[in-house]
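Here's a quick briefing to read alongside the structure. Have a look at the fold first, then come back for the notes.

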Amino acid sequence: MATRSVRTIDPAYHKLLDQESRPIPESFRRDSPIEPGPTFVPVKRYYSKEFFDLEVEKIWKRVWQMAAHEDDLPDVGDYLPYDIAGLSFLVVKTDENEYKAYYNACLHRGRKLREQRGKQADELRCPFHGWAWNIDGSLKQIPCQWDFPGLKRSEQALPEVKVGRWGRYIFINPDPDCEPFEDFIGDLPSHFKLLPYEKRYKEAHVAKIIPCNWKTANEAFMESYHVIATHPQILMGGAHDVDTKYDVFGNYSRAIRCGALESEGMPQWPPLPDDGKMRLRNPLNGFVYERIEEGLVEVVSPDGRKGRFDINAKCLEGDLTEVNPHLVNWAGGPQVAQTEFDKAFAEKAKKNEKKIHPRVLAAEIQRESLREVIPSIADDIADIEFTSIFFTLFPNFHPWGSFNKINYRFRPHGTNPEECVMECIYLAPIPEDGKYEPCREIHWLGIDDDWTEAPELGMLAKVFNQDIRNLPLVQQGMHATAMENLQMADYNESKPRHFHMLLEEWINRP
Ligand code: FES
Ligand SMILES: [Fe+2]
């Protein structure tokens with residue numbers, strides 16, 4: 001066994017936990033770093049149709065995958081198609097607290113049974129020639145059955161795939177010989193003890209087609225290494241360049257972005273004037289970005305050079321020509337309304353005479369708002385639970401931890417290896433009074449829509465504009481590169497490394 005030379009932030013992280021005044025759930029104390037070593041991933045895996053087809057056979061037809069949420073199917077007879085890589089399944093609520101999933105195809109000549117979500121069906125009738133099944137999958141009717149000599153009705157039930165449940169999510173697995181769902185997810189639920197996923201409801205669901213391979217997008221949301229260049233504005237509020245703890249466990253991995261650890265040589269800059277203008281600084285090189293008007297940003301370097309840029313970071317005038325496109329987008333792109341949290345945070349930060357760490361201030365505000373929703377536990381929540389904690393359950397599901405609402409899923413779009421569907425689902429705590437109105441419909445954005453057209457995402461919409469700006473260019477770069485392999489960081493890319501180790505294992509299964 002290799003010695004663990006992998007660099008971790010575990011000691012600094014545990015010191016941070018020691019400062020907490022509230023009890024820390026045991027799961028936060030677990031250290032399970034990935035085995036050290038670089039990871040090389042063949043670039044072809046991101047665009048080759050041959051590899052895509054291999055993934056269909058070896059992964060999508062065999063793995064447990066998140067297919068629906070109970071809030072999608074509130075009543076008996078409700079159904080939801082789940083499409084993945086050219087395959088399609090139909091998840092149906094067949095009884096109170098019972099769900100089944102069928103191959104979404106008619107047993108006659110194969111028409112897809114359902115194209116979209118439907119409500120309170122008492123049968124599933126194929127729109128082509130009218131074959132019909134009861135919602136429990138048993139055959140109901142075949143028009144002109146006399147014309148099918150030898151057909152045995154008992155053999156014409158809708159073929160089912162396996163169903164597993166975690167929290168209020170419904171997973172499916174098309175492989176009849178798959179391992180039990182509970183074995184597959186392992187002890188993942190033990191990280192969600194204070195607010196289990198059983199106690200959350202779907203507050204928002206936004207989806208968009210992205211012109212890149214599903215893995216390209218999947219991996220872009222697994223690590224916080226990219227925050228340095230893609231979201232530099234996040235580093236301004238007291239976070240540092242090296243502050244995320246990564247662990248891997250069985251089929252899932254975890255990142256905890258502490259926002260409070262020692263910086264590895266981040267330069268220090270004087271504060272920006274507080275004159276109400278939309279202005280931010282790139283902490284890496286000190287350049288200041290100021291919004292002049294929608295679509296126009298002025299950037300000034302520490303040595304006084306200036307330039308004006310459009311929203312795509314194209315230089316319009318000035319002697320400064322090279323700037324960070326993501327910060328130009330942040331300052332000059334469409335803005336979103338300030339959330340209650342942002343307002344409260346700005347207020348608290350202004351009055352912060354005791355110089356309390358921003359992450360502690362942020363936790364206080366979140367505890368206050370949760371006091372109205374889940375009063376019995378709100379005050380017991382440690383600061384660390386309010387930070388960004390993001391899990392990845394192989395292959396494509398990303399439930400965020402503790403009190404963060406975010407969940408992601410990335411699926412191939414049809415059979416095109418160079419397109420995927422990105423979904424962001426917000427799961428909010430179910431209020432203790434039991435009253436909530438869940439989101440039932442997916443809000444689909446057009447391929448060219450700005451993410452701020454989904455205002456239900458709040459500030460995250462602007463963060464996505466930065467992330468998603470990279471992805472088609474990553475995809476294009478993979479075709480352009482002279483390299484055969486991508487290379488991944490030993491520690492900061494622990495999660496994508498873990499993903500590729502599992503992918504390799506699944507692809508090579510007999
Ligand atoms: S294809 Fe479904 S009834 Fe004919
Ligand atoms: Fe990001």
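This is a predicted model: local features need pLDDT of at least 70, side-chain atom pairs count only at pLDDT 80 or more; totals for chains, interfaces and linings use all residues.

**Domain 1 against domain 3**

- Domain 1 puts 14 residues into this contact, while domain 3 puts in 9 residues.
- Which element gives the most to the side of domain 1 that touches domain 3? That's α10, with 5 residues.
- Sorted by class, that side of domain 1 has 4 nonpolar, 7 polar and 3 charged residues.

**Helices α6 and α10**

- Helix α6 covers residues 325–332 and helix α10 covers residues 460–480. They pack at an angle of about 150 degrees, and their axes are 10 Å apart.
- Anything over 145 degrees counts as roughly antiparallel, so α6 is roughly antiparallel to α10.
- The crossing of α6 past α10 is right-handed.
- On the α6 side, the contact is made by Pro325, His326, Asn329 and Trp330. On the α10 side, Lys462, Asn465, Gln466 and Arg469 make it.
- By class, this contact comes to 2 nonpolar, 4 polar and 2 charged residues.

**Helices α7 and α8**

- Helix α7 (residues 340–350) packs with helix α8 (residues 358–371) at an angle of about 130 degrees, again with the axes 10 Å apart.
- α7 and α8 cross in a right-handed sense.
- From α7, the residues involved are Phe341, Ala344, Phe345, Lys348 and Ala349. They meet Pro358, Leu361, Ala362 and Ile365 of α8.
- The class count for α7 with α8 is 8 nonpolar, no polar and 1 charged.

- As background, most residues other than glycine have a negative phi, and most peptide bonds are trans.
- Cys144 isn't a glycine, yet it has a positive phi of about 55 degrees. You'll find Cys144 in the loop between β8 (139–141) and β9 (160–166).
- The peptide bond from Phe394 to Pro395 is cis, with omega near 0 degrees. Pro395 lies in the loop between β19 (388–393) and β20 (397–399).

**Overall make-up and size**

- Along the principal axes, the C-alpha atoms fill a box of roughly 85 × 55 × 55 Å.
- A compact globule of 510 residues would have a radius of gyration near 24 Å, and the protein's 25 Å agrees with that.

Technical notes. Residues are numbered from 1 along each chain as its sequence is written. Chains are lettered from A and ligands numbered from 1 in the order in which they are written. Axes are lines fitted to C-alpha atoms, for helices over the stretch in contact, and angles run from 0 to 180 degrees between N-to-C directions. Helices (H or I, at least four residues) and strands (E, at least two) are DSSP runs, numbered from the N terminus. Angles under 35 degrees count as roughly parallel, over 145 as roughly antiparallel, 65 to 115 as roughly perpendicular and the rest as oblique. A crossing is left-handed if the near helix is turned anticlockwise from the far one by less than a right angle, and right-handed if clockwise. Two residues are in contact if their C-beta atoms, placed from the backbone, lie within 7 Å. Ala, Val, Leu, Ile, Met, Phe, Trp, Tyr, Cys and Pro count as nonpolar, Asp, Glu, Lys and Arg as charged, and the others, Gly among them, as polar. The radius of gyration is taken over C-alpha atoms; the globule rule is 2.2 Å times the number of residues to the power 0.38.
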